[in-house]
Amino acid sequence: MSLDLVTTDAFASQETARQDSPLAIRGLTVSYGQKPAVFSVDMTVEAGKMTAIIGPNGAGKSTMLKAALGIIKPLAGTTTVFGKPVAQQRQKIAYVPQRASVDWDFPTRVIDVVLMGLYPKLGLLGRVRAAHREKAEDCLARVGMQDFATRQIGQLSGGQQQRVFLARALAQDAELYLLDEPFAGVDAATEKAIIAVLKSLRDAGKTVVAVHHDLSTVAEYFDNVFLINTRRIAEGSVVNTFVSRHLQDAYGGRLAGAQMDALALS
Amino acid sequence: MNGAEFVPLSLVPMLTGIFVAVACALPGNFLVLRRQALIGDAISHVVLPGIVVAFLITGVVSTWPMLLGAAGAAVVAVVAIEAVRRLGRIEAGAAMGVIFTAMFAGGVLLLEQSDTSSVHLDVEHALYGNLESLIWLDATGWSSLWDWQALKGLPVELPRMALTLVVVAAFIALFWRPLKISTFDEGFAQTIGMRTGPLGLALVIMAAIAAVAAFDAVGSIIVIAMFICPPAAARLMTNQLEHQVAWSVVFAVIAAALGYVIAGYGPLWIGLQDSVSAAGMIATMSGIILGLAALFGPHRLRGSAAPIG
């Protein structure tokens with residue numbers, strides 16, 4: 001009898017965690033062709049924290065994020081955002097795709113890209129008012145790009161493009177920020193600016209999840225970590241989870257002993 | 001050139017040409033930016049057999065049977081491309097090339113074999129259209145524009161094309177923001193709840209409607225040129241989508257008006273007897289405009305020109 005009670009309690013507390021979680025993924029499986037890219041992955045993101053998704057190249061980090069958001073159709077699995085299906089929670093999610101996923105030669109200005117973040121408020125034909133413009137300019141200022149509002153986006157450096165994408169996400173006023181490789185190919189100043197903005201979001205009670213590839217900055221930037229290599233390897237706080245045992249599981253032989261030592265892991 | 005001559009002979013073909021050019025250029029802007037420019041080309045090739053079959057069944061050249069025939073042909077094309085791709089184990093682009101040209105060729109053969117002498121539907125019209133033949137017999141001058149009796153004799157192609165332009169322009173205006181956002185960043189568009197799949201399909205359907213409506217008046221050559229040339233030239237003039245679309249409309253109007261005038265009167269000016277094909281000259285003019293924009297457009301040298309494609 002007591003055994004039954006324990007399992008029920010464990011199940012109940014797991015369910016509560018899922019109901020509260022800003023992003024809860026269950027049994028997510030995605031496949032390109034024959035081989036699964038993501039296999040039966042569970043993830044429960046902790047609210048008000050910064051979580052890094054890490055794993056080797058081709059481990060399914062970006063794929064998992066896209067499938068959770070419905071950009072790619074998964075074979076199986078469910079995703080809830082604050083306890084409800086993604087489709088009902090769009091207003092609470094801001095997604096920053098990989099910078100390289102769009103054509104930066106597209107004929108538009110920096111400010112217009114940020115205004116795209118206000119589309120859910122503007123709708124099809126709503127007029128862009130002074131307040132909207134101010135909001136967009138304010139978001140640009142938060143990423144240090146206020147002087148570039150009327151530039152064509154193709155004239156920006158990689159780091160500046162990434163900041164514009166972040167400004168668009170800020171304009172969405174979301175609760176959950178999902179970023180795909182926000183530090184890929186950006187300069188050191190941009191990396192600092194972006195991490196400062198993300199930390200300020202966390203300090204304001206928002207939840208941040210980022211696909212990350214630089215193991216040397218995980219402990220410095222993030223609170224929690226989620227390790228994936230097609231399957232889920234581990235998830236939890238950086239202190240408990242970002243350890244050599246799990247990293248070996250995720251990266252296999254690809255992470256040399258010397259690199260492990262450099263990360264100063266227990 | 002006075003009204004008594006211009007209005008009955010040239011006004012209708014010129015306006016029809018302009019409406020065609022603008023109706024194609026508007027969706028063409030998005031197709032070019034989405035790297036789907038050849039969809040216009042594909043549509044104008046694939047629909048020919050559908051239009052011919054629709055004519056053979058109904059015996060008349062009218063809009064709805066033509067649109068249905070064209071839609072049927074498009075479905076056949078999609079299925080055939082998929083079949084060739086899978087059975088022939090070749091890549092999608094090659095499969096499309098095979099099917100588009102094969103269906104167009106089939107349409108030409110079908111046209112040759114069938115008796116279409118009573119209507120404006122033959123191989124030559126399929127290629128060049130019959131813009132010059134859109135004569136407004138009831139018009140006597142500019143005053144005919146206010147004469148209800150005369151207006152009733154207006155060639156049906158003109159109001160048909162005007163309606164098509166209104167539909168296409170209304171679609172672009174209403175869905176401007178989703179079109180712009182999803183063309184720039186489809187992943188982001190999906191996460192804010194835009195249904196990018198149906199939207200992309202609607203854009204292609206708009207292009208198809210423009211192509212089919214234009215087909216009867218101007219043939220397939222000008223349709224191809226009009227989807228690509230004005231938007232491509234406009235992109236070289238500006239770095240803002242709003243301005244690009246405006247430029248593309250300006251270029252489309254110039255190409256159509258100038259092309260028609262030069263085709264009709266140009267040979268006479270240099271002492272030749274006959275006029276040349278208006279559709280061919282309109283397509284030529286839009287090509288020349290693109291060439292000039294490529295040589296002198298203010299945004300022809302863009303920093304990130306290399307990674308295109």
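Student: Where is the place of Arg89(B)?
Tutor: This is a predicted model. In it, Arg89(B) sits in the loop between H3 and H4 of chain B.

Student: Is Arg89(B) buried or exposed?
Tutor: Exposed, because its relative accessibility is 75% and the cut-off for exposed is over 50%.

Student: And what is phi of Arg89(B) near?
Tutor: Near 50°. That is a positive value, and the residue is not glycine.

Student: Now chain A. Which loop holds Glu181(A)?
Tutor: The loop between strand E7 (176–180) and helix H7 (188–203) of chain A. Glu181(A) has a positive phi too, about 50°, and is not a glycine.

Student: Glu181(A): buried or exposed?
Tutor: Buried. Its relative accessible area is 15%, and buried means under 20%.

Student: New topic. How much space lies in the largest pocket?
Tutor: About 870 Å³. Of the 30 lining residues, those closest to the centre are Ile39(B), Ala42(B), Ile43(B), Val78(B) and Val204(B).

Student: Which elements give two or more residues to that lining?
Tutor: Helices H2 (38–58), H3 (63–88), H4 (92–113) and H10 (196–235), of chain B.

Student: How do the lining residues divide?
Tutor: 23 are nonpolar, six are polar and one is charged.

Student: Back to H10. What about Thr196(B)?
Tutor: Thr196(B) is found in helix H10 of chain B. It counts as buried, at 9% relative accessibility.

Student: Which side chain does it join in a polar contact?
Tutor: That of Glu186(B), at 3.2 Å. Beyond its neighbours within four places in sequence, Thr196(B) has contacts including Ser182(B) and Ala189(B).

Terms used. Residues numbered from 1 in each chain as written. Chains lettered and ligands numbered in written order. Predicted model: local features only at pLDDT ≥ 70, side-chain atom pairs only at ≥ 80, totals over all residues. Heavy atoms only, no water. 1 Å grid on protein atoms, 1.4 Å probe; cavity = no way out; pocket = protein on both sides within 12 Å on 5 of 7 lines; lining within 4 Å. Points joined across faces, edges and corners; volume = space filled by probe spheres on them. Helix = DSSP H or I, 4+ residues; strand = E, 2+ residues; numbered from the N terminus. Nonpolar A, V, L, I, M, F, W, Y, C, P; charged D, E, K, R; others polar. Buried < 20%, exposed > 50% of the residue type's maximum accessible area, 1.4 Å probe, protein only. Polar contact = N/O pair within 3.5 Å; in protein donor to acceptor, adjacent residues only side chain to side chain. Contact = heavy atoms within 4.5 Å.
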